[in-house]
Amino acid sequence: MSQTTGPTTAGAQGAPQLDAEQLLDDLRDVFGTGITKPLAWRIAQLTGLRRMLAEQEGALAEALTSDLGKHVTEAWITELGFTSNEITYMLSHLKSWIRPRRASIPLWLRPARAKVVREPLGVVLVISPWNYPVQLSLAPLAGALGAGNAVVLKLSELAPATSAALARLLPQYLDPAAVRVVEGGAAETTELLAQPWDHIFFTGNGAVGRVVLEAAARHLTPVTLELGGKSPAFVDVGADLETAARRIVWGKFTNAGQTCVAPDFVIATRPVLDALKPLLDKAIRDFYGEDPSQSDVYGRIVNERHFGRLTDLITTGHVFRGGAVDTETRYIEPTVLDGVDGDHLSMQEEIFGPILPLVEVRDVDEAVEFITARDKPLALYVFTGSAETKRRFIRDTSSGGLNFNAPLVHMGAPSLPFGGVGASGMGKYHGEESVALFSHAKAVIDVPAKPDLLAAIYPPFSSAQEKLVRRFIARPRP
Ligand code: NAD
């Protein structure tokens, strides 16, 4: 099913059908009028978005509970409140972020004046996933609007209640001429991807990321890919294990592990793992009770395909705690696997569910080796009190983000760029990076007609001129 808030053409059965080419044409016309460029329009969209989050909190939280079993408080912390904070931060800085910046010029170009002007890219496509369907739709949307673009937002079919709620609500709070919402799955996304957008912002898995990149290449459309991967949590000798256990459990089992930056596995020496295991078990009991299937703060797996994929990872002989599943409700108990090495099934791909393998290494060197031998993670978590270990990980590993002693929280600081590196993605957003991402930094230089100092570099060339040129052109402006 597809639905846009703009004009649609009737399908064979009378259902609305997406006409992606028409949609882009319409938005190009709207963008061409210039209405999206003034600061006032951008502020109106951002405040509209924030107002929607406040006024429609109940409807959106209900949709999130229906799609993913999210508790309303968790929905507020990780989605509604999170996005609202991101917008507030953007609103308080937007004016200075989009102000043209003076640029210095070399001596030989004086008395020219130069500046960098951030201009909107045009009409951009944002494709969002199902796991945080409000945050991961609206945070990029805010960046695109803050930068003055017209936007098509493609929502995820795997979070149908949230998709329907956003498709209904967004046109009531945003300029419906410049912001359109499309519902649907791979077929609709494929049709959208055939169009020459000015930018595509995609959040999802790497396989679909490749499809997006290939489609974009046909039009030379720039792309941001927010992907996933296996984010390790290294626990050092001497770390505060009780706090580490509680934070790992929180980061892992929030949204039933369906978080792109969830700690995917724990890596530590055997004595650390053995000391950590009862603390992990205790934290799980403290957070979700003796029977997490009865807890109203513990989520469910999004669909049967993911449920089947995850239950296959719970192999006999490795379960330290948990392992219970219920097919009907797609419940998987918070599960910890021990005695897992790099060849185990759970270590082949991003887990994206409530299963936590524990991987044993000899020491910090082997941990760094294990991590750097694999795809660069979206996030890397290091639990340590040692300044030397911190320096080591900053220097010798590469990841989208590197957090000491707390998972996930880097996403909540809008002053920090958020994004992957290598297989975990390309491009970054949040805060000013979002506005930069959806803008073109245009170089503007104004060279006065008189005096015409450029005459020094016009041909034909004399030897005196050459001396002058070498002296002044080679000399950078201090
Ligand atoms: P997905 O890649 O399956 O879907 C994302 C979007 O792509 C959806 O809108 C979907 O309709 C569309 N899509 C799916 N298949 C398609 C196809 N064949 N052709 C064209 N479009 C298609 O991602 P997902 O399963 O919704 O999300 C899970 C993945 O996303 C995980 O790997 C996770 O780590 C990653 N993720 C990353 C971030 C991040 O911020 N870096 C955030 C959330 C999720």
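## The largest cavity

About 40 Å³ of space lies in the largest cavity of this predicted model, where a cavity is a set of points on a 1 Å grid over the protein atoms alone at which a 1.4 Å probe fits but cannot get out. Volume here is the space filled by probe spheres set on the points, with grid points joined across faces, edges and corners. Its lining residues (those with an atom within 4 Å of a point) include K252, D264, E350 and F352. By class, the lining has four nonpolar, three polar and three charged residues.

## Two domains

The protein chain is divided into domain 1 (20-227 + 429-440) and domain 2 (232-419), with bounds from an automatic or database domain assignment. Their centres, taken over C-alpha atoms, are separated by 30 Å. Contact, meaning heavy atoms within 4.5 Å, takes 20 residues from domain 1 and 23 residues from domain 2.

## The nonpolar core

Now for the core, a set of buried Ala, Val, Leu, Ile, Met, Phe, Trp, Tyr and Cys residues joined through side-chain atoms within 4.5 Å; buried means under 20% relative accessible area with a 1.4 Å probe, protein chains only. The largest one has 104 residues, of which L141, L170 and V235 touch the most other members. Domain 1 and domain 2 both give residues to this core, so it lies between them.

## Reading the model

Residues are numbered from 1 along each chain as its sequence is written, and side-chain values use heavy atoms, leaving out hydrogens and water. In this predicted model, local features need pLDDT of at least 70 and side-chain atom pairs count only at pLDDT 80 or more, while totals for chains, interfaces and linings use all residues.

Terms used:
1 Å grid on protein atoms, 1.4 Å probe; cavity = no way out; pocket = protein on both sides within 12 Å on 5 of 7 lines; lining within 4 Å. Nonpolar A, V, L, I, M, F, W, Y, C, P; charged D, E, K, R; others polar. Buried < 20%, exposed > 50% of the residue type's maximum accessible area, 1.4 Å probe, protein only.
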